[in-house]
Amino acid sequence: MTDPKKCSTDGRIQFFALSIFVCVLIGLGLMARNVDVATDLTFFAPGAQTERDAILFQQMSKTDGIAMVAITGLNAPQQRKASESMITLLQAMPEVTHASNGGIDLDSKTYNFLVDHRYVLGPTMAADAFSVSNIRAGIQAGLAQLGGMSGYMYRDIFPRDPTGRMLEMAHVTAPGNNTKKTARDEAGLWRDAQGRHLLLVVLSINSNDIAGHARVLDTINRSLEMSDAQGLSAVVSGPGFFALNASKRIRAEMKMLTLIAFGAVALLLLSAFRSPSVLLAIGLPVGFGLLSGILVTSWIFGNVHGVAITFGAVMVGVAVDYPIHLISLRADGETKYGTARRLFPTMALGAATTFVGFLTLSQSSFPGLAQIGTLSAVGVFVALLFSRFLLPWCLPDRTVDFRIGRAFWNLLGAHAQVRRIGRWVLWGLPLVFIVIGTVTSARIWDNDIRNLSVASKTQIHIDQDLRSALRLPDVSHFLVVRGDSSNDVMEAQWQVTQKLKQVQAQGALGGYASLSDILPPPSAQRQRLEMIPDIDILRQTLATATAGLPIDPGVFQPFLDDVARAKSSGVLEVERLPQNIKIPMMTLPQRSDDGWSSIVYLIAPVADLPADVTNVDEVTFINLRQIASDVVARYRNEGLRLMGFGAFVGMVVMVFGRRGVGAALKVLLTPMIAVATTAAFLVVIGTPLNLFHLLAFVLVVSIGVDYELFFAGYRVDAMEGAHSYNSVMMCFLTTGLAFAVLGTSSLPLLRALGTTVAMGATLSFLLTVLRFERESGPT
Amino acid sequence: MTFGRNALIAVVILWTSVASADDWTIDVLATALQKSDAHQVAFTEYRHISYLKAPLISQGMMDFTDGVLRKDIIAPKSEHFEIRENVLIHSDNDDNVTRINIEDHPVVHSLVITLRSVLSGRFAPLRDYFNLVLSGNRTDWEMVMYPHTEKLRASLSAVTLRGIGGRLTEISIAELNGDNTVIKVEND
């Protein structure tokens, strides 16, 4: 009979210990709040193994933001009005460099700079640009323009620009100037064939500034709410909005799924243990493990990525099994510390295989995977130590009483034939799936990075649609031009741009956006300067050209002054450009460790580019999707190698732990069959495997090993055996339930992890339960 | 200086109101223009620019329908302009579209306000920008419009309208820099 006094003392100690641990956990949580949590796309950015990788990751994380907006609903005049008021609100934002609904106006500094240097910058000048006939034609055209409505604006410019060079400059700086023009409405605003008014907003923030993009989106929505016309809506896209939507989606989904999974597991544990304090105690090892993992990872890597924390939390979640074993496997009359001491070698052996798996992944060159590996390895290790030395202080005196589980085992016990068939089916399944997969030539590996993307197909379609409507470059195709100096880069870019013009004329290219159309290389600038005649000769040319026209040649003195200044200024080099020059959709050459580089964006359709464009030393054609696929495949292969090494070390650990190869193989057989069956099943149903499936397999092995180790002592008549069944069953139900909920996610990464682990855990449980029946056999 | 100018305008307005005592008032003129239903007119424009030796002459049609003012120049070079609200839209033959906010260009702004008001017969918008001074009588009238907004006054001297009954015959825009534009309106 239990001493009531002792029970009361134990209860007080448990309560005290629980309170202390919860307080320490909160303290650790507060410490972890100071950890730098990264949320950008650097999760995927490696210490670039190749030059192409570096370009990919630079494009993923550092591109300037743009917002493409389509206003839909109601009629054209109402859309037009909304478009104008949206522009006004957006222009006032510090996040916005320029907002346009019908053309790109340069900021005054850039415009003045281009105008001041118009004889060396901009499109090619005709060889006879300064001939009498050309200047006379220019003056006559200018006089005609002076007589029109725009003449009032033009009359101050005309004396400076009788050749019309300024207008040529303005047209060449608009995005898509090398493509078919964007469709317009009768008021000159962009309006596509679907009847949507379009806006292009060039942002001053880069594409991974999620908060900045949220403010821009808020302004766009607010401007529609403020409009008198109800019924208008806006579709917005751009690289930063993908990240914003992904962030919102991940948060919303994680919140909902965590709530459902937590609620379901809590209900399950409550129904089995009938004590809320058990619930709290079971959460402690995972909590300590996770927070320690975050702190150590942050210390090693300098920061922790949000995605690594999410995945790490899921991985460390396997540690929930330790307290379940401690409670369920406690023998009659045994102290809680005694149980911990007795079970520790088995728990440690299971944890060691998990630890080794994660530790090898921490050596990955994929920083995201390395962080997940580190965080999980530390988490599991700390959770194990906590369960052994501290958890017994706060564990209540409870045993498992789960009727549904008992009923399930009784059902199996009563039907020996079903058990036998079930066993053979489970053993034969992987072979069946492998045969089907081989016959149907099912794809095993998924190299398409888009399948890992959190962007929905609708969102990707909208982006392509808006890009096409606004004639903007498809950011996945571009040329990288390199050189030892900025001048070399501009020279090579100029040459390749001339070839692109020919390819475009042949119809194999929709267009391009090349800075060399605005900033020609020094050699081209020098040629232009040589074309400019001496000022005295030009003065005489003007006198001849204005003969018979209603204007004195002296009026054009500002033109002569500009030309003289251009001649004396010489060529403009990239490094001499003022800092505040900003031309939408174009970037200046950038200096890196190994020289200079610049980008020429290509506008769809991008058919096969000829060899004289791509097979040039200085030029590299970049297809981001292809590079991304290569990177995904490379990381997966590296992950496979590391997992192979981890499996070998895990096997060695198991051989030592079980004191023999045969005993070790017996333990490892179940998780191996579970992994093989799950992998083959996924491939057969058309879900090729990716890096995150591999991560899930590590977890399945860890779970399977745990079931095998703790079910090993099962004898149907023995009390210990019944406890062991209850314990493994509770572990399986909590894991299976949590991952099944995760498997309903619409996010490919979470779905892959959830379904794989849920299926792997189910197979491991069934294989364990059915396999041991064969050896001992229930009576 | 400003006080003197305003005083002069006040005197002129007072004189005008006496001179127009034969019931030919600004409101009557507005009504007459409204009744004339002349939403589309042909014009010949003489643009005098200080640095040109001779005026630039252009011809074409102006039209004000559904809130959109259109100006089609037929000679010397075919061109089409549209003004919607405060935006001047000009398309060239290469499909390049230029959109200009006319509020940034006082002369164009004043011309647009004037044309809209006269062609529609609604003078209320005119009063937002100009002090109106009407002289003459129903058969030969002249309305001088002095800008009273700071922006217009910085570049514009006055806009003068002349006409016969409900028919506008001439618009003259005098700028402070000496340039001026005279538009002769040819009614059917």
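In chain A of this predicted model, 81% of the contacts between residues at least 6 apart in sequence join residues at least 24 apart. For chain B the corresponding share, again among contacts between residues at least 6 apart in sequence, is 37%.

**The two chains**

Chain A holds 28 helices and eleven strands. Of its 779 residues, 53% count as buried. Chain B has five helices and eleven strands, and 47% of its 188 residues count as buried.

**The interface**

The size of an interface is often given as the accessible area lost when the parts come together. Between chain B and chain A, the buried area is about 2,800 Å². Carbon and sulfur atoms give 61% of that area. On the chain B side, the residues that lose the most area to chain A are B:R47, B:Y51 and B:R99, which together make up 24% of what that side buries. Counted by residues, 37 of chain B are in contact with 29 of chain A.

**Helices of chain A**

Two packed helices are described by the angle between their axes and the distance between the axes. For helix α19 (residues 486–505) and helix α20 (residues 522–531), both of chain A, the axes come within 8 Å and cross at roughly 75 degrees. Angles of 65 to 115 degrees count as roughly perpendicular, and α19(A) and α20(A) are therefore roughly perpendicular to each other. The contact is made by A:N487, A:E491 and A:W494 on the α19(A) side, and by A:P522, A:S523, A:A524 and A:R528 on the α20(A) side. By type, the residues of this contact divide into three nonpolar, two polar and two charged.

Helix α12 of chain A covers residues 321–328. Eight of its eight residues are buried, so the helix is largely enclosed by the rest of the structure. The buried residues of α12(A) are A:D321, A:Y322, A:P323, A:I324, A:H325, A:L326, A:I327 and A:S328.

**Single residues**

The table gives the relative accessibility of selected residues in both chains.

| Residue | Relative accessibility | Class |
|---|---|---|
| A:S598 | 2% | buried |
| A:N690 | 6% | buried |
| B:T44 | 7% | buried |
| B:I57 | 47% | partly exposed |
| A:R659 | 77% | exposed |

A:S598 is part of strand β10 (residues 595–606) of chain A. Its side chain makes a polar contact of 2.7 Å with the side chain of A:Q493. A:S598 counts as buried because its relative accessibility is 2%, and the cut-off for buried is under 20%.

A:N690 sits in the loop between α25 (661–684) and α26 (691–711) of chain A. A polar atom of the A:N690 side chain lies 2.8 Å from the backbone nitrogen of A:F692. A:N690 is also 5.5 Å from A:D446, C-alpha to C-alpha, while the two are 244 residues apart in sequence. With a relative accessibility of 6%, A:N690 counts as buried.

A:R659 belongs to the loop between α24 (624–658) and α25 of chain A. Its phi is near 55 degrees, a positive value in a residue other than glycine. A:R659 counts as exposed, at 77% relative accessibility.

In chain B, B:T44 lies in strand β1 (residues 40–48), and B:I57 lies in strand β2 (residues 56–65). Leaving aside neighbours within four places in sequence, B:T44 is in contact with B:I57, B:S58, B:Q59, B:V182, B:I183, B:K184 and B:E186. With one of these, B:E186, the side chain of B:T44 forms a polar contact of 2.8 Å.

B:I57, not counting residues up to four places away in sequence, touches B:T44, B:E45, B:Y46, B:A75 and B:P76. The C-alpha atoms of B:I57 and B:I183 are separated by 9.6 Å, and these two residues are 126 residues apart along the chain. B:T44 is buried at 7% relative accessibility, whereas B:I57 is partly exposed at 47%.

Methods: Residues numbered from 1 in each chain as written. Chains lettered and ligands numbered in written order. Predicted model: local features only at pLDDT ≥ 70, side-chain atom pairs only at ≥ 80, totals over all residues. Heavy atoms only, no water. Axes fitted to C-alpha atoms, helices over the stretch in contact; angles between N-to-C directions. Helix = DSSP H or I, 4+ residues; strand = E, 2+ residues; numbered from the N terminus. Parallel < 35°, antiparallel > 145°, perpendicular 65-115°, else oblique. Contact = heavy atoms within 4.5 Å. Nonpolar A, V, L, I, M, F, W, Y, C, P; charged D, E, K, R; others polar. Buried < 20%, exposed > 50% of the residue type's maximum accessible area, 1.4 Å probe, protein only. Polar contact = N/O pair within 3.5 Å; in protein donor to acceptor, adjacent residues only side chain to side chain. Buried area = accessible area lost by both parts, 1.4 Å probe.
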